[in-house]
Amino acid sequence: MNELVIDKKKYVLLLRKDYELLQRKAALKNKTEKTLTLAEARLYSKELIRKWAKEK
């Protein structure tokens, strides 16, 4: 790993494989959003509509 300074900004040079490893580690830490099936989405939207209708 090398450090490089250009216009008072520090940059780090990494090998491509090290960079890709860091990207994979970061991706594993992120939680993906749950995707609903069509039937689940319909039920969920109907529940929300009923909830909003009661509020009015």
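Analyst: What follows is an account of the hairpin, then of the surface patches and of some distances along the chain.

The model is a predicted one, in which local features need pLDDT of at least 70 and side-chain atom pairs count only at pLDDT 80 or more, while totals for chains, interfaces and linings use all residues. Residues are numbered from 1 along each chain as its sequence is written, and side-chain values use heavy atoms, with hydrogens and water left out.

Strand 1 (residues 2-6) and strand 2 (residues 9-13) run antiparallel and are joined by five bridges; helices (H or I, at least four residues) and strands (E, at least two) are taken as DSSP runs and numbered from the N terminus, and two strands pair if DSSP finds at least two bridges between them. Within this pairing, Asn 2 stands opposite Leu 13 in strand 2, and Glu 3 stands opposite Val 12 in strand 2.

Two residues separate the strands of the hairpin. Asp 7 lies in the loop between strand 1 and strand 2, and its phi is near 50°, a positive value in a residue other than glycine. Lys 8 lies in the loop between strand 1 and strand 2 as well, and has a positive phi of about 60° although it is not a glycine. Such values deserve a remark, because most residues other than glycine have a negative phi. As to cover, the terms rest on relative accessible area, where buried means under 20%, exposed over 50% and partly exposed in between (1.4 Å probe, protein chains only). Asp 7 counts as exposed because its relative accessible area is 70%, and Lys 8 counts as exposed because its relative accessibility is 85%.

Glu 3, whose place is in strand 1, meets Lys 10 through their side chains in a salt bridge, at 3.9 Å from N to O; a salt bridge is a side-chain nitrogen of Lys or Arg within 4 Å of a carboxyl oxygen of Asp or Glu. By this rule the count comes to one salt bridge. Side chains of opposite charge can pair when their charged atoms come close.

Tyr 11 is found in strand 2 and counts as partly exposed, because its relative accessibility is 40%. Val 12 is found in strand 2 too, and is partly exposed because its relative accessible area is 47%.

Val 12 leads on to a surface patch. Together with Met 1, Leu 14, Tyr 19 and Leu 22, Val 12 makes a nonpolar surface patch of about 550 Å². Patches are made of residues with over 30% relative accessible area and no salt bridge, with like charges joined within 9 Å and nonpolar side chains (Val, Leu, Ile, Met, Phe, Trp, Tyr) within 5 Å; the areas come from the Shrake-Rupley method with a 1.4 Å probe, and for residues only the protein chains shown count as cover. Met 1 lies in the segment before strand 1 and is exposed because its relative accessible area is 79%. Tyr 19 has its place in helix 1 (residues 16-29), and counts as partly exposed because its relative accessibility is 45%. Met 1 and Leu 22, both members of the patch, are 21 residues apart in sequence and 13 Å apart in space, C-alpha to C-alpha.

Tyr 11 and Lys 29 are 18 residues apart in sequence and 24 Å apart in space, C-alpha to C-alpha. For Glu 3 and Tyr 44, 41 residues apart in sequence, the C-alpha to C-alpha distance is 51 Å.
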